[in-house]
Amino acid sequence: MVLGKANRFCILLFAMVLSMSTLAEEKKFEPFSSKEWQLVNLSGQNIKLSDYEGQPVLLVFWATWCPYCKKLLPGIQTLHENYKDKGLKIIAVNIREDWKPHVYWRNHEYTFDAVLEGDDVAKYYGVKTTPGLVFIDPQGKVLSVQSFSDPKNPVLEKFAAFYTESKSD
């Protein structure tokens with residue numbers, strides 16, 4: 001009887017592992033072409049994704065209340081300083097806001113562009129948490145949608161370096 005229960009447990013465990021691996025395969029990210037969107041930046045100007053056609057674009061979804069964004073954004077500023085002249089475009093997309101992004105941006109002296117009320121854009125890309133990062137190649141293909149707060153995550157530097165390499169010559 002004990003052996004029978006152990007066998008049933010092993011079969012159940014195997015089935016759970018198999019179903020989890022199947023779910024993981026179904027959730028594999030497939031790159032896709034981004035649709036056009038337009039949002040207003042902190043200066044009141046309309047910003048469209050197509051304004052940056054031919055450039056790699058990093059979208060950073062953030063909110064003033066998000067502690068993980070507060071950790072990530074200084075590193076994004078450094079990335080911007082290192083790659084802005086090589087063609088990388090970074091746009092901070094403010095979402096789920098309950099305070100004053102204008103004040104926050106000014107107080108932290110970030111120099112990359114920030115746009116407001118990006119909740120619909122976040123939904124389009126499948127961004128569910130802050131910070132959310134969307135990596136878009138120069139042809140407008142969404143390569144990856146991620147969420148992390150480590151400003152030294154190697155993905156940031158690899159993306160920037162790879163897509164700006166030819167512009168630094």
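Author: Start with one term: two strands pair if DSSP finds at least two bridges between them.

Reader: In what sense do E5 and E6 pair?

Author: E5 and E6 run in the parallel sense, over three bridges. Val 93 has Val 115 in E6 as its bridge partner.

Reader: Which residues of H3 are buried?

Author: In H3 (residues 101–108), the buried ones are Pro 101, Val 103, Tyr 104 and Trp 105. The buried residues of H3 pack against strand E4 (57–62), helix H2 (67–83), strand E5 (89–94) and strand E6 (113–115).

Reader: What does Trp 105 touch?

Author: Leaving out residues up to four places away in sequence, Trp 105 touches Leu 42, Trp 62, Leu 73, Ala 92, Tyr 110, Phe 112, Asp 113 and Ala 114.

Reader: What comes after H3?

Author: Glu 109 follows H3, and its phi is positive, near 55°.

Reader: Switching topic. How many residues are in the largest nonpolar core?

Author: That core has 25 residues. Those with the most contacts inside it are Leu 58, Leu 73, Ile 76, Trp 105, Leu 133 and Leu 156. Two or more residues each come from E4, H2, E5, H3, E7 and helix H5 (154–164). H2 gives the largest share, six residues.

Reader: What about a second core?

Author: A second, separate core has 19 residues, including Trp 37, Leu 59, Phe 61 and Val 127. In soluble globular proteins, nonpolar side chains tend to be buried together.

Reader: Last thing. Where does pLDDT stay under 50?

Author: Over residues 7–26, and for these the model has zero contacts beyond four places in sequence. Where pLDDT is low, the predicted coordinates should not be read in detail.

Reader: And what is the mean pLDDT of the protein?

Author: The mean is 86, with 82% of residues at 70 or more.

Technical notes
Residues are numbered from 1 along each chain as its sequence is written. This is a predicted model: local features need pLDDT of at least 70, side-chain atom pairs count only at pLDDT 80 or more; totals for chains, interfaces and linings use all residues. Side-chain values use heavy atoms; hydrogens and water are left out. Buried means under 20% relative accessible area, exposed over 50%, partly exposed in between (1.4 Å probe, protein chains only). Helices (H or I, at least four residues) and strands (E, at least two) are DSSP runs, numbered from the N terminus. Contact means heavy atoms within 4.5 Å. pLDDT is the predictor's confidence in each residue, from 0 to 100. A nonpolar core is a set of buried Ala, Val, Leu, Ile, Met, Phe, Trp, Tyr and Cys residues joined through side-chain atoms within 4.5 Å.
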